[in-house]
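Please consult the sequence and structure shown below alongside the text.

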Amino acid sequence: MYIPTKLVVSDIHEIHRFIDHHGFGLIVGNGSDNDDTGAKDNVGNTLGNHKKKGIEGTHLSFILNKEEGEYGTLYCHFARINPHWASLAGEEVLVVFHGPHAYISPTWYASEPNVPTWNYTAVHVYGELTVLSDEKTLEVMEKTVKKYEPQLWDNQSVMPTAYREKLQKAVVACKITLTRVEAQYKLGQQRKEEDQQGVAEGLSQCEDLDSIGLLNFMQQTRIGMGKA
């Protein structure tokens, strides 16, 4: 993605932190036609020929292994019936993660003239996708559940082992070894201090969740706030 020099985030630890906190992403790569051949997978889902067409995106949750590979490795799982995973196997993919974002009014700046803009945070990562075995798929499912609700995986009343194993057959896990990362925090940090302070004050008066989330992110990172 295009990133102005003053908005680049290059600290890999910060990028990893961002992905950990905003792990629901969009994977983009080769698309596929799902022409019905009548074939079924091992849980009865109809499979197609998976002919590639253009590009396609799928929204997925991702978990990151920071220690695996130069930039880390992402793990995810698709519904097996979704033909997209088959067209991505062995191919380079893009995964997009976005964090807080919000509208910025030109009336919040101390200087004039100005125009409206949108401030946002985003990370793009690239790598080759590998489809994993059934055994590895179970591991990915376990790690994903334990990241968000650690006690749930062993709760037999909610997720009995037999039911979990049945559902496992309906998903396909993949890994993406990252070869390139790009990150941008567009938070107005390139503007004059009084303009930054004006934006922070403007956001503090907003009641929508996007504006509240963006201001919280700015306060946590101390970016775009101007000097106190």
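In this predicted model, helix α5 (residues 193-204) and helix α6 (residues 209-221) have axes that come within 9 Å and cross at roughly 135°. That makes α5 oblique to α6, where angles under 35 degrees count as roughly parallel, over 145 as roughly antiparallel, 65 to 115 as roughly perpendicular and the rest as oblique. Local features need pLDDT of at least 70 and side-chain atom pairs count only at pLDDT 80 or more, whereas totals for chains, interfaces and linings use all residues. Residues are numbered from 1 along each chain as its sequence is written, and side-chain values use heavy atoms, with hydrogens and water left out.

- Axes are lines fitted to C-alpha atoms, for helices over the stretch in contact, with angles from 0 to 180 degrees between N-to-C directions.
- Helices (H or I, at least four residues) and strands (E, at least two) are DSSP runs, numbered from the N terminus.
- The crossing of α5 past α6 is left-handed, meaning that the near helix is turned anticlockwise from the far one by less than a right angle.
- From α5, A200, L203 and S204 meet S211, L214, L215 and M218 of α6, contact being heavy atoms within 4.5 Å.
- By class, this contact of α5 with α6 has five nonpolar, two polar and no charged residues.

**Nonpolar cores**

- A nonpolar core is a set of buried Ala, Val, Leu, Ile, Met, Phe, Trp, Tyr and Cys residues joined through side-chain atoms within 4.5 Å.
- The largest nonpolar core has 38 residues, of which I27, F62, L74, F78, F97, I176 and L203 touch the most other members.
- Elements giving two or more residues to this core include α1 (12-21), β7 (92-104), β8 (117-131), α5 and α6.
- The most is given by β9, with six residues.
- Another core, of six residues, lies apart from it and has V145, L152, M159 and V171 among them.
- Among the residues that L74 touches, not counting those up to four places away in sequence, are I19, F62, V95, F97, V125 and I176.

- R80 lies in the loop between β6 (73-79) and α2 (84-88).
- With a relative accessible area of 15%, R80 is buried (under 20% relative accessible area, exposed being over 50% and partly exposed in between, for a 1.4 Å probe and protein chains only).
- Between R80 and K169 there are 7.9 Å in space, C-alpha to C-alpha, although they are 89 residues apart in sequence.
- T144 belongs to helix α3 (residues 134-148) and counts as buried at 11% relative accessibility.
- Not counting residues up to four places away in sequence, T144 touches S61, I63 and H77.

How values were computed:
Nonpolar A, V, L, I, M, F, W, Y, C, P; charged D, E, K, R; others polar.
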